[in-house]
Amino acid sequence: MSEGLLVSLLVLAVLLGVGSAAFLVMRSPSFWGDLAKEIAVKAWPQIKQVLTKRMTPEEEAEMRREHRAGRGDEWLRKWHRRR
């Protein structure tokens with residue numbers, strides 16, 4: 001198959017998916033609105049925990065030392081996994 005045909009089929013599939021989703025939302029918008037609200041309510045505690053995570057002053061000092069030594073990114077990845 002040619003590359004142009006493949007891209008055309010991919011675009012067609014995406015447009016078909018978006019059109020189908022729009023049809024379902026228009027058919028019963030209150031269901032989708034309520035579903036989105038329910039998902040947001042259930043997910044908010046985890047989202048809030050990630051957004052409000054803070055370092056202690058000791059952890060921040062350690063992070064600054066590691067950054068100066070050139071190991072800051074690695075230290076930060078470990079810190080995120082640890083919490």
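This is a predicted model: local features need pLDDT of at least 70, side-chain atom pairs count only at pLDDT 80 or more; totals for chains, interfaces and linings use all residues.
1. Glu 66 itself is buried, its relative accessible area being 18%.

2. The mean pLDDT of the chain is 89, and 98% of the residues reach 70 or more. Helix H1 (residues 3–27) has the highest confidence, with a mean of 93, while helix H4 (residues 72–82) has the lowest, at 85.

3. Glu 66 also brings us to helix H3, where Glu 59, Met 63 and Glu 66 are buried. These residues sit on the same side of H3, because the arc they cover around the axis is only 65°. What do the buried residues of H3 pack against? They pack against H4. If you turn to the other side of H3, you will find Pro 57, Glu 58 and Arg 68, which are exposed.

4. Now for the dimensions of this helix. H3 runs over residues 57–69, 13 residues in total, and spans 19 Å between its first and last C-alpha. That is close to the 18 Å expected at 1.5 Å a residue. After H3 comes Gly 70, which has a positive phi, near 90°.

5. Helix H4 holds another pair worth a look. The side chains of Glu 74 and Lys 78 form a salt bridge, at 3.3 Å from N to O. Both residues lie in H4, 4 residues apart, about one turn of the helix. Glu 74 is partly exposed, at 41% relative accessible area, and Lys 78 is partly exposed too, at 48%.

6. Finally, have a look at helix H2 (residues 29–51), where Lys 42 and Glu 38 are 4 residues apart and therefore separated by about one helical turn. Their side chains meet in a salt bridge, 3.8 Å from N to O. Is Lys 42 buried or exposed? Lys 42 is exposed, with 58% relative accessible area, whereas Glu 38, at 43%, counts as partly exposed.

Methods: Residues are numbered from 1 along each chain as its sequence is written. Side-chain values use heavy atoms; hydrogens and water are left out. pLDDT is the predictor's confidence in each residue, from 0 to 100. Helices (H or I, at least four residues) and strands (E, at least two) are DSSP runs, numbered from the N terminus. A salt bridge is a side-chain nitrogen of Lys or Arg within 4 Å of a carboxyl oxygen of Asp or Glu. Buried means under 20% relative accessible area, exposed over 50%, partly exposed in between (1.4 Å probe, protein chains only). The expected span of a helix is 1.5 Å times one less than its number of residues. The arc is that of the directions from the helix axis to the C-beta atoms. Contact means heavy atoms within 4.5 Å.
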